[in-house]
Amino acid sequence: MNVVPMTRPLPNDLDAFWMPFTANRQFKQSPRLLAGAKDMHYYTPEGRPILDATAGLWCVNAGHGRPKIVEAVQKQVAELDYAPAFQMSHPKAFEFASRLVQITPEGMDHAFFTNSGSESVETALKIALAYQRVRGQGTRTRLIGRERGYHGVNFGGISVGGIVSNRKMFGTLLSGVDHMRHTHDPARNAFTRGEPEHGIELAEDLERIVTLHDASTIAAVIVEPVAGSTGVLVPPKGYLKRLREICDKHGILLIFDEVITGFGRLGTPFGADYFGVTPDIMITAKGITNGVVPMGAVFVKSEIHDAFMTGPEHLIEFFHGYTYSAHPLACAAGIATLDTYAEEGLLTRAAELAPYWADAIHSLRDTKHVIDARNIGLVGAVELEPITGEPTKRAFSCFLECFERGVLIRTTGDIIALSPPLIISKGQIDEIVGTLSDVLKAAA
C-alpha cells in the first residue's frame with residue numbers, strides 16, 4: 001500500500017541554493033520538488049506520485065523508505081551520533097566492513113570507508129600511487145582513464161574521467177594522466193542486447209599507451225565495468241578480461257569504479273562478478289547504504305593492504321581519511337541495507353528481470369527519434385537523434401514531459417538512462433516504457 005505524504009508548503013525562496021548538475025534558471029522558473037518517497041515512488045509536495053525509474057541517482061537499489069533501514073538509522077542516532085574516525089572507531093564500523101567483504105570478489109578482504117563515490121575515487125587513486133611507492137615502484141605515478149568515463153567530480157576523478165563537460169572549465173587538472181579510447185561503437189553495435197559482439201580490440205589501446213609512456217611509469221588503470229553516467233556504455237565481450245591480462249603483463253593495477261554497478265545492478269553483487277574479472281581495487285558508494293546516508297567504500301586485495309603494514313607499529317601507515325569515514329549512521333544504514341538485500345534476494349533479482357527488461361527497452365527501437373537502445377542487468381539506455389543545432393534539448397524535453405506524466409527518468413546528453421530500484425515489478429517496467437514511448441511519439 002502506497003503511503004502518500006501530506007501536502008507540504010512550498011518554499012518561498014529558491015534563490016539561495018545553487019543546485020548541482022542542474023539548469024538552475026530553468027528549474028527555478030518551474031520547480032520539480034520531491035517531498036516524500038515510499039518503495040518505487042516519489043511524491044511531490046501536493047502528493048502526486050512519481051514512479052522512480054532511476055533509483056534516485058543510481059543509488060536507491062532497495063526502494064524508498066525501507067523499514068529496516070529507517071529503524072536502524074533512527075536507533076543509531078539516539079545511541080551514538082558520531083565517533084571520531086582517526087585513532088578511534090566504533091563497533092558497527094568493523095561489523096559493516098566484515099559483512100561487506102563476505103560478498104566482495106575473492107581476495108578483496110579490506111575496506112576503506114569514504115563518504116561518496118567521488119571520495120572513493122580519490123582514495124583509490126591515492127592508494128594506487130602509495131602502493132607503488134611502498135613496494136619500491138616509485139616511478140609508477142601515471143594514471144590511465146578512459147574517454148567518456150565518469151569518476152566523480154573531485155580533481156583526481158575529473159582528471160582520469162573523460163566527459164568533456166566535466167573537464168573543460170577546470171584547466172589542466174592532474175598531470176601525468178592519459179586516456180584510452182571509449183568502447184561506444186554504434187556503427188557495429190547499435191541495438192545490442194547485453195555485451196556487444198564487436199570491440200574487444202579496443203582494449204589494446206592500453207598497449208599503445210604503455211608503448212608511449214613505458215609501463216614503469218604507470219601506476220593504475222581505472223574504468224567503470226559499465227560506463228553509466230555517460231549513457232550506459234556496455235563493454236564488448238572479452239574487453240575487461242583483456243584489460244586484466246594487459247595490466248598483469250605490465251605490473252599495472254586495475255581499478256574498477258563500481259559506484260553504479262555495485263550492489264545488484266547487473267544481477268550479481270558487483271560488476272566484477274558479472275564479467276568474471278577481479279580488479280586490484282574496487283570503488284563503491286551509492287547502493288552501499290541504499291542512498292539513505294552518504295557513504296562509500298574502497299576494497300583492496302590483501303597484498304595491497306598488507307604492503308602498508310610495515311615499520312614501527314605506532315606509526316600511521318596511510319596518511320589519508322575523512323572526518324566522517326565510517327560514520328555511525330552510515331554504518332547502521334549499510335548493515336540494514338545488506339540485511340534487506342539478503343532477505344529479499346535483491347543482489348541477484350536483476351538477473352531474473354533482465355530478459356523482460358531487455359524486451360521492454362528494445363520495444364522502443366522503431367519509436368520516433370530513437371537511434372539506439374542498449375541494456376544490461378537492470379540498466380538501460382535509449383539514445384535519441386539530437387535536434388540540429390540544439391544538442392541535449394530533445395532528451396531534456398522528454399525528461400520534463402515524463403515528470404509531468406508521473407515518471408522520473410534521467411538524461412545525459414541526448415541519451416535517456418534508466419536504472420530503477422531492484423524491487424520493480426513487471427507492471428511498473430511496462431509503465432515506465434509505455435510512458436516514455438508516448439512521450440517520444442509526441443516529441444518534436
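## Helix pairs, a sheet and a salt bridge

In this predicted model, helices H4 and H13 cross in a left-handed sense. H4 covers residues 91-101, and its axis runs 9 Å from that of H13, at an angle of about 35°. Two packed helices are described in just this way, by the angle between their axes and the distance between the axes.

The residues that make this contact can be listed for each helix. On the H4 side they are Lys92, Ala93, Glu95, Phe96, Arg99 and Leu100. They meet Cys331, Ala332, Gly334, Ile335, Leu338 and Asp339 of H13. Sorted by class, the contact of H4 with H13 holds seven nonpolar residues, one polar residue and four charged ones.

H13 also takes part in a link of another kind. Its residue Glu344 forms a salt bridge with Arg66, and the closest N and O atoms of the pair are 2.4 Å apart. Arg66 sits in the loop between helix H2 (55-58) and helix H3 (67-79), while Glu344 belongs to helix H13 (residues 328-344), so the pair ties together parts that are 278 residues apart in sequence. A search of the whole structure for salt bridges finds 19.

By class, the contact of H14 with H16 has six nonpolar and two charged residues, and no polar ones.

The strands come next. Four of them form an open sheet in the order S1-S2-S3-S13, and the pairing in this sheet is mixed. Which strands lie at the edges? They are S1 (36-38) and S13 (407-408), each of which pairs on one side only. For S13, the partner is S3 (residues 49-52), and the two strands pair in the parallel sense over two bridges. Within this pairing, Leu51 has Val407 of S13 as its bridge partner.

Terms used. Residues numbered from 1 in each chain as written. Predicted model: local features only at pLDDT ≥ 70, side-chain atom pairs only at ≥ 80, totals over all residues. Heavy atoms only, no water. Nonpolar A, V, L, I, M, F, W, Y, C, P; charged D, E, K, R; others polar. Pairing = 2+ DSSP bridges. Helix = DSSP H or I, 4+ residues; strand = E, 2+ residues; numbered from the N terminus. Salt bridge = Lys/Arg side-chain N within 4 Å of Asp/Glu carboxyl O. Axes fitted to C-alpha atoms, helices over the stretch in contact; angles between N-to-C directions. Left-handed = near helix turned anticlockwise from the far one by under 90°. Contact = heavy atoms within 4.5 Å.
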